[in-house]
Amino acid sequence: MTKKITLSLFLLITTLGWAQQGDASAYSFFGIGDLKLGQTVENRATGGVAIQADSTHLNFQNPASHGALRLTTVSFGGNYSNLSIKDQNTSGRAARSAFDYFAVGLPLGKVGVVGGLKPVSTVGYDLVNYSTNTTDKGHGGVNQFFLSTGVQVMPRLHIGAEFNYNFGNITTERVTKDPNIALATQTKTRSDISGIGYKFGIMYTHKMNEKHNLFGSVAYAASANITSTNSSTLATLNPNSFNPQTPFDSKSIKAENTIVKIPSQITIGLGYGELKKWFVGAQITAIQSSQLSNRLKGSSNASFEDGMRYSIGAHYTPKHNSYNNYFKKATYRLGFRTENTGLVVNNTSINEHGITFGLGLPTGGNFSSINIGFEYGSRGTTTANLVKEDFFSVVIGLSLNDKWFKKSKID
């Protein structure tokens, strides 16, 4: 297992190296950025459905699942997305890559403990408004360190809780150029964000017959107040200079610190299937996005409403213990999701849809696997002076499993 952890840390560093830009969406301009789903590659490939308590895979959506963990698990993943962006007049393309998560799970009898790191939101945009002669750029985001535990209180009942610490920074820049003036004005703001949050969950498995089970899951993430410590500078630029982005005159301006709220979520899921064979399920997540507010930006054409996400997904493993056919041991995943993101721009709700599929490829002598997922989807609309983003994403993760604290054998 030590070699596996060394390999995983090396791959994690490599992932962080190429994850230069976590977002390329114009909609990350609003609030604290593009809110992330907080899912493993396995869950994301099934449309985000995460209902089963699994003994060898981690589940970030419901901490109760950790009570079923039976092997020490190291899990991490990253993604790459290619976007096609268009409005009523123009179109363009953008690409983004990002580190998704890193976590370690330890089984302690009927208790499982998991700690790790994952993003909460990402910011990455470069916008030009020709009618006002302004350019807006932003990058950064909010990350989350989490520590969670799940307990098996009965043979088929698990409960769990999570503590998380949110941190990060968001930098925004606006450059305004009056065509009648040679110089441009730059306003740059940095927000350092920190705060804590909590999540609770419960999972239950009902045995229908000798083979089949009914799975139920409920998870609640409480709203979190996080502090945004803000600082701003006002500068003058010369667009015609050799380096037009280098200010030659700048000063600090007062920026009030603010409280930003991460919205609460409740997720309810129901599924049916045969353990280690097949599963099909549906999941609903209600997000109180109306609790969000624009961080410093005060955009009059944007607001937030409560959001809703609907997911369906399935996975199938032909024969998990096959000795002579590798692809019979693989897990095949498929899913669909649709949601109202909660963002309203120009009096238009921003919706998102995605079709997902993927593979779980076993590796090594135990239960470790390489997981690959694909998603094709869209967000937004070209009406109401908005943009539509079509995206194709590839997500890759490793789930490394082994048994620690083995008793020594004496010959």
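What follows is a short exchange about this predicted model.

Biologist: How many aromatic pairs are there?

Modeller: Rings pair if their centres lie within 6.5 Å. By this rule, the count of aromatic pairs is 12.

Biologist: Are the planes of phenylalanine 374 and phenylalanine 392 stacked or edge-to-face?

Modeller: The centres are 6.3 Å apart and the planes make an angle of 20°. Planes under 30 degrees apart count as stacked, so the angle settles the class. The pair of phenylalanine 374 and phenylalanine 392 is stacked.

Biologist: Which strands does that pair link?

Modeller: The two residues are 18 residues apart, in distant parts of the chain. Phenylalanine 374 is in strand β18, residues 369-380. Phenylalanine 392 lies in residues 388-402, which form strand β19.

Biologist: Is phenylalanine 392 buried, partly exposed or exposed?

Modeller: Its relative accessible area is 37%. Buried needs under 20% and exposed over 50%, so the value falls in between. Phenylalanine 392 is partly exposed.

Biologist: Which ring does the charged end of lysine 118 sit over?

Modeller: The charged end is 5.0 Å from the ring centre. The cut-off for that distance is 6 Å. The ring belongs to phenylalanine 146.

Biologist: Which side chain makes a polar contact with the side chain of threonine 331?

Modeller: Threonine 331 is in strand β16. Its relative accessible area is 15%, so it is buried. Leaving aside neighbours within four places in sequence, its contacts include Gly358 and Leu359. The polar contact, at 2.9 Å, is with the side chain of threonine 317.

Notes
Residues are numbered from 1 along each chain as its sequence is written. This is a predicted model: local features need pLDDT of at least 70, side-chain atom pairs count only at pLDDT 80 or more; totals for chains, interfaces and linings use all residues. Side-chain values use heavy atoms; hydrogens and water are left out. Rings of Phe, Tyr and Trp (its six-membered ring) pair if their centres lie within 6.5 Å; planes under 30 degrees apart count as stacked, over 60 as edge-to-face and the rest as tilted. Helices (H or I, at least four residues) and strands (E, at least two) are DSSP runs, numbered from the N terminus. Buried means under 20% relative accessible area, exposed over 50%, partly exposed in between (1.4 Å probe, protein chains only). A charge sits over a ring if NZ of Lys or CZ of Arg is within 6 Å of the ring centre and within 35 degrees of the ring normal. A polar contact is a pair of N or O atoms within 3.5 Å; within protein, one must be able to donate a hydrogen and the other to accept it, and residues adjacent in sequence count only if both atoms are side-chain atoms. Contact means heavy atoms within 4.5 Å.
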